[in-house]
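Biologist: I am new to this structure and would like to go through it step by step. Please show it first.

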Amino acid sequence: MILNSSPLNKKPLNATMTPLTLTQGDVAFNGYSLHDLSSKIVTSLDNDDLLGIELNTFNYAKNDGWGVNSRYYRSRIINLSITLKSSTAQALNSLLDEFKKKTSGIEGFLDVKVNGSFRRIKATCTSIDFDRKFYNITFIEIKVKFQAMEPFWYEVQNQSNSFFGKTWNFSEEMSHNGTAVSNPTFYLVFSGSSAVTQVVISKDGLNFTINGNFVPGDILIIDAKAKSVTENWVDIDYLGSFPVFNPGSNPFSISFTWTVNVDVSVVVPQTYL
C-alpha cells in the first residue's frame, strides 16, 4: 500500500527534507534558530536581493535623456521558505505557535552565516504565509518575509585596530573587507602629559577637526554612524564631514596640536550590500 503519493506532496510524510547548504543554526532571528535541521528547515533563502534602490535624477535642459545626481539604498526584503515538521498534529500546532511568537519582535536581529561568519541585519517580520493544506498534519512549508529599513548586512564581529602610546602625528592604514561604505568609530584615550587643543583626522583629502582642551584621562569618541563626537560622554562640536571607510584599503592620518600621549582604537563595521 502506497501512502502520501499525491503530486502535491514534495516529500513522504515525516521524511527528512533536503536542506540548503546550511548547517544547524545558520539562520536565526533574535537568537531563535530558523534552521535546526529537525523541526525547522530552510529550503530557500533570498538574502542578496537589492530592491530598495532610489535614484535622484534630473532632466537635461537641451538634450535627450536624463542624469543621476545620487543613488541610495533605502530598504531590503529577505524572503525565506521554511519547512516546519513535528511528530504529531498537536506538536505541529505548538511549533506554529512558538514560531509566530518568536518572530513577532520589532526590528530584531536576523543572522545568516555566510562564508563561515555571521552577517546581521536589523529587520522585522512583515508576513508569514502558512497556506496550510488538508494533508499538512505533521509538516507544513511556510513563506516568511522580513523587511529591513536599513539595507546593509553587518558582520557580527567588527574589525578593530589599536595604536598605543602615540606621542605625535601618525598615519595608518586599515582594510575594509565588506562591499559597502563603512562608518568607523574612533576612540582616543589621552594620558601622560597630554595638553591637546585640536585633533584632526585626515582621509581621502578631507579633514575632520575637533577643537577643545584634551588632558590626561579624557576620552574622545568619534562615531561616524551616529554622527556624534563626545568628550567624556558629553557631546561637543566638530568641523567637517565624518571619515568613512570604503571597501578595500583605507589610509588615514591623525594629527594633534601641542603635546600628546594617546591610545587610539578604530572600530570598522564590516558592511555588506
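This is a predicted model: local features need pLDDT of at least 70, side-chain atom pairs count only at pLDDT 80 or more; totals for chains, interfaces and linings use all residues.

Biologist: How far apart are the end C-alpha atoms of helix α1?

Modeller: Helix α1 covers residues 89-102, which is 14 residues. At 1.5 Å a residue it should span 20 Å, and the model agrees with that. The end C-alpha atoms are apart by 20 Å.

Biologist: Which residues of α1 are buried, and on what side of α1 do they lie?

Modeller: The buried residues of α1 are Leu92, Leu95, Leu96 and Phe99. An α-helix has 3.6 residues a turn, so residues three or four places apart point the same way. The buried residues of α1 are Leu92, Leu95, Leu96 and Phe99; they cover an arc of only 105 degrees around the axis, which puts them on the same side of α1.

Biologist: What covers the buried residues of α1, and which exposed residues are on the face turned away?

Modeller: The cover includes strands β2, β3, β5, β7 and β8. On the face of α1 turned away from its buried side, the exposed residues are Gln90 and Lys101.

Biologist: Which element gives the most residues to the largest nonpolar core?

Modeller: The largest nonpolar core has 28 residues, and Leu34, Leu80, Ile82, Leu84 and Phe146 have the most contacts inside it. Two or more residues come from each of β1, β3, β5, α1, β6, β7 and β8. The element that gives the most, with 5 residues, is β8.

Biologist: How many residues does the second, separate core have?

Modeller: The second core is separate and includes Phe242, Ile254, Phe256 and Val262. Its number of residues is 26.

Biologist: What is the phi of Leu37, and what is that of Glu107?

Modeller: Leu37 lies in the loop between β2 and β3, and Glu107 lies in the loop between α1 and β6. Leu37 is partly exposed at 39% relative accessibility, and Glu107 is partly exposed with a relative accessible area of 39%. Neither is a glycine, yet phi is positive in both. The value is near 65 degrees for Leu37 and about 50 degrees for Glu107.

Biologist: How many residues apart in sequence are the parts that Glu150 and Lys225 tie together?

Modeller: Glu150 and Lys225 form a salt bridge, with the closest N and O atoms 3.0 Å apart. Glu150 lies in the loop between β8 and β9 and Lys225 in the loop between β15 and β16, so the pair ties together parts whose separation in sequence is 75 residues.

Biologist: In the salt bridge of Asp204 and Lys203, which residue is buried?

Modeller: The two side chains meet at 2.8 Å, N to O. Asp204 counts as exposed because its relative accessibility is 52%. With a relative accessible area of 6%, the buried residue is Lys203.

Biologist: Why does Glu155 have no salt bridge with Arg119?

Modeller: Glu155 is in strand β9 and is buried. Arg119 is among the residues that Glu155 touches, and it is the nearest side chain of opposite charge. A salt bridge needs the nitrogen and the carboxyl oxygen within 4 Å, whereas the distance to Arg119 is 4.9 Å.

How values were computed. Residues are numbered from 1 along each chain as its sequence is written. Side-chain values use heavy atoms; hydrogens and water are left out. Helices (H or I, at least four residues) and strands (E, at least two) are DSSP runs, numbered from the N terminus. Buried means under 20% relative accessible area, exposed over 50%, partly exposed in between (1.4 Å probe, protein chains only). Lys and Arg count as positive and Asp and Glu as negative; His and the chain ends are not counted. Contact means heavy atoms within 4.5 Å. The expected span of a helix is 1.5 Å times one less than its number of residues. The arc is that of the directions from the helix axis to the C-beta atoms. A nonpolar core is a set of buried Ala, Val, Leu, Ile, Met, Phe, Trp, Tyr and Cys residues joined through side-chain atoms within 4.5 Å.
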